[in-house]
Amino acid sequence: MPDDASPAPQSAPKSAPAAKFGEGFVMDAWYVAALSPDLKAGKMEHRELLAEPVLLGRTKAGIAYAIRDICPHRAAALSAGKVRTEADGGESIECPYHGWRFGTDGACTAIPSLTADSDLDISKVRVRRYPVVEQQGLVWIWMSSDARFDGEPPEAPPVIPGVVGGKPKLVDALDYDIHIDHAVLGLIDPAHGPYVHQQWWWRTTASQHEKKKRFAPSEAGFTMVRHEPSKNSKAYAILGGEPLTEITFRLPGLRWEHVTVGKKQVLALSAMTPINAGKTRMNQIMWSDHWAFTALYPIIRIAARAFLRQDGYIVGVQSQGLQSNPPLMWVGDADQQARWYQQCKREWQASRAEGRAFVNPVKDTVLRWRT
């Protein structure tokens with residue numbers, strides 16, 4: 001093995017043994033559960049998030065909510081039932097099997113089979129409630145490591161800089177048949193572009209140069225500090241002027257690129273949410289107040305969709321090899337972000353287990369690679 005080659009770390013602090021790379025999830029964290037337009041008033045739908053069956057809904061008053069999508073009586077999916085209005089005006093979900101009803105806070109509001117003289121306190125019957133916050137057009141869900149958690153999370157969801165221009169200009173999603181750890185590495189890998197994303201408007205294998213970028217620790221992750229885009233990344237040319245870009249990664253699976261061209265902005269957010277151990281949803285959303293996203297929308301949309309599906313293709317190729325559970329090699333500065341991700345993930349788990357603040361293991365540094 002080369003001197004600078006590093007296998008994927010497998011160890012963790014003794015106080016909080018970590019799952020091997022490619023196993024487990026970052027818990028006690030906010031994930032993107034849906035985009036705001038996905039949830040319609042008075043409607044509900046089933047989602048699988050981190051291998052949990054979740055009912056996502058929106059009340060008629062417009063408030064998003066999430067509860068476990070399993071009735072505690074006979075395990076029927078509550079999302080297959082109906083939304084009912086209670087006598088106090090509140091809304092509840094009626095199980096399709098025996099009509100048990102649960103409020104949007106998870107508390108049982110009715111068990112129709114009980115007789116009037118029953119002494120059962122139905123308020124003690126509950127399904128799990130997941131804290132939900134809706135902001136910047138995104139529905140965030142707090143996934144606690146404690147299934148009994150019923151309070152408010154200790155921190156708010158992240159606020160992403162550069163959400164401008166009203167509604168998103170581009171929205172796309174793709175499910176990767178791969179664990180989120182491997183999906184994240186593809187998200188923060190700087191060296192695959194000339195091979196996976198070969199287009200005349202982006203770059204080719206013949207157009208490779210040495211890159212030198214400064215990185216700094218940021219909240220629950222790291223940032224490639226603001227800089228001029230690489231000259232061999234042609235897509236930036238349509239923005240005109242002198243664009244500057246900053247790229248941030250934040251646990252558990254968020255990456256955003258914030259581009260400024262004078263007073264105009266472009267924000268490209270990639271938000272990864274595990275569906276289960278073998279499937280990850282990639283949500284890609286772009287906001288901008290730049291004229292190009294109006295004038296050139298059809299072209300930009302086609303290009304963005306192609307870009308995401310090229311990543312999807314290579315993930316499919318990779319997943320075949322991962323079935324053999326091979327050891328991984330992380331080599332040189334091009335793979336330093338992969339190391340940081342694993343270090344951040346381990347520290348997050350340790351800090352949660354020990355009830356202390358997260359201590360970012362990333363240090364201010366300059367990385368060099370060819371792409």
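How many nonpolar, polar and charged residues does the lining of the largest cavity have? The structure is a predicted model, in which local features need pLDDT of at least 70 and side-chain atom pairs count only at pLDDT 80 or more, while totals for chains, interfaces and linings use all residues. Residues are numbered from 1 along each chain as its sequence is written, and side-chain values use heavy atoms, without hydrogens and water.

The protein has an average pLDDT (the predictor's confidence in each residue, from 0 to 100) of 89, and 90% of the residues reach at least 70. Over residues 1–16 pLDDT stays under 50.

The lining of the largest cavity has six nonpolar, no polar and two charged residues; Ala, Val, Leu, Ile, Met, Phe, Trp, Tyr, Cys and Pro count as nonpolar, Asp, Glu, Lys and Arg as charged, and the others, Gly among them, as polar. A cavity is a set of points on a 1 Å grid over the protein atoms alone where a 1.4 Å probe fits but cannot get out, and lining residues have an atom within 4 Å of a point. The lining is formed by Ala29, Trp30, Glu155, Pro158, Arg250, Leu251, Pro252 and Trp348.

Nine aromatic pairs are present, with ring centres within 6.5 Å (planes under 30 degrees apart are stacked, over 60 edge-to-face, the rest tilted; for Trp the six-membered ring is used). The pair of Phe249 and Tyr341 is edge-to-face, because the ring centres are 5.8 Å apart and the planes stand at 80°. Both residues are buried, that is, under 20% relative accessible area with a 1.4 Å probe, protein chains only.

Definitions and conventions: 1 Å grid on protein atoms, 1.4 Å probe; cavity = no way out; pocket = protein on both sides within 12 Å on 5 of 7 lines; lining within 4 Å. Contact = heavy atoms within 4.5 Å. Buried < 20%, exposed > 50% of the residue type's maximum accessible area, 1.4 Å probe, protein only.
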